[in-house]
Amino acid sequence: MKAAPKKQPDKSRSDVRRLHEIVAVLTRHGALRGMTPEKLRRIAEDLGPTFVKMGQILSMRSDMLPAAYCQELARLRADAAPMPFGEVRTVIEEEYGARPETVFASIDETPLGAASMAQAHLARLADGTRVVVKVQRQGIHDTMAQDIRLLRRVVRLLHLSGETGGVLDFDAMLRELWAAAQQEMDFLLEARHADEFRACNRDVPTVACPRIYHEHTTARVLVMEYVDGLGLDDAGALRRAGYDPDALAAALADNYIKQIIEDGFFHADPHTGNLRVRGGKIVWLDFGMMGRLSPRDRQLCRRAVYAMARGDAGTLRDVVLTLGVHDGRVD
């Protein structure tokens with residue numbers, strides 16, 4: 001006897017429920033009575049990972065938002081509400097087909113940090129090596145896919161696409177957000193990114209990145225070397241440890257320029273939470289979001305750097321116009 005087809009979830013009902021949740025959050029925060037930086041940040045937090053990620057991206061767009069909003073949204077880069085350890089255990093068991101205790105000698109139930117898509121736990125391998133276990137949040141892919149789908153409907157309904165001639169193409173921004181999110185949700189891709197980044201920087205004495213334990217890494221669980229060290233933004237602690245913050249800043253800038261104009265493979269989320277200083281080296285963390293440049297764009301970026309160094313505004317203008325996308329005459 002042929003088995004009955006598996007019933008698929010009703011997307012329309014789920015979408016309606018999610019819309020009700022979004023409206024409830026906006027109503028609870030009094031969004032229609034005006035917006036403040038803190039209110040916008042709290043709304044993003046309550047709406048969940050899709051909106052937190054959008055807020056993180058917008059926090060870096062001082063060309064689009066006032067400074068007060070950018071500063072407040074930057075707080076979304078801090079720890080999110082942690083996932084209960086029971087959910088962490090479930091994800092690990094689903095990925096390994098075994099209990100965490102059979103893979104790790106120990107794993108701390110209290111997370112080292114929690115982000116919108118995943119959280120990290122300190123653990124030890126069977127040989128005692130300290131590692132960080134990054135575990136993806138349960139259901140994050142379906143949640144973000146639904147939110148993006150609903151937001152794109154709103155964009156089309158309100159005619160917020162690029163054809164309006166506005167400065168911001170909301171539909172393009174949502175496509176970019178979803179593409180980046182799908183990269184971040186594939187930990188096997190992140191592991192390959194880390195290996196490639198290490199290879200590109202193997203001859204740079206001031207830069208390092210954590211080792212990936214591929215034998216324990218899956219699409220939703222990433223196991224990597226534990227990195228302690230100091231925060232790059234803690235100038236006082238750096239000086240007390242004997243570091244020169246100015247020299248570290250110069251080394252960081254030099255390395256980032258190298259990533260762009262020489263490697264064409266660069267870290268696309270370079271905030272201070274993803275950088276540590278250990279053993280005289282700047283350690284890059286979190287390779288979920290990486291960017292690539294074609295040889296043409298690398299050459300244009302090289303010209304831009306040289307133009308800035310020489311104070312050559314004409315060449316810099318030409319490079320910006322060549323790199324940008326514009327219609328009609330440009331003033």
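Student: In which loop does D286 lie?
Tutor: This is a predicted model, in which local features need pLDDT of at least 70 and side-chain atom pairs count only at pLDDT 80 or more, while totals for chains, interfaces and linings use all residues. Residues are numbered from 1 along each chain as its sequence is written, and side-chain values use heavy atoms, with hydrogens and water left out. Strands are DSSP runs of E with at least two residues, and helices are runs of H or I with at least four, numbered from the N terminus. On that basis, D286 lies in the loop between strand 10 (281-284) and strand 11 (290-292).

Student: What is the phi of D286, and is D286 buried or partly exposed?
Tutor: Although D286 is not a glycine, its phi is positive, at about 65 degrees. Buried means under 20% relative accessible area and exposed over 50%, with partly exposed in between (1.4 Å probe, protein chains only). At 23% relative accessibility, D286 counts as partly exposed.

Student: How far does helix 1 reach from its first C-alpha to its last?
Tutor: The expected span of a helix is 1.5 Å times one less than its number of residues. Helix 1 (residues 11-28) has 18 residues, for which 26 Å is expected, and its reach is close to that, at 25 Å.

Student: Which residues of helix 1 are buried?
Tutor: An α-helix has 3.6 residues a turn, so residues three or four places apart point the same way. The buried residues in helix 1 are D15, R18, I22 and V25. They cover an arc of only 85 degrees, taken from the directions from the helix axis to the C-beta atoms, and so lie on the same side of helix 1, the four being D15, R18, I22 and V25.

Student: Why are R42 and E38 separated by about one helical turn, and at what N to O distance do their side chains meet?
Tutor: R42 and E38 are separated by about one helical turn because they are four residues apart in helix 2 (residues 37-47). R42 is partly exposed at 38% relative accessibility, and E38 is partly exposed at 39%. A salt bridge is a side-chain nitrogen of Lys or Arg within 4 Å of a carboxyl oxygen of Asp or Glu, and the one between R42 and E38 has an N to O distance of 3.0 Å.

Student: Which residues are linked in a network of salt bridges?
Tutor: By the rule for salt bridges, the count comes to 24. The residues linked in a network are R41, E45, E72 and R75.
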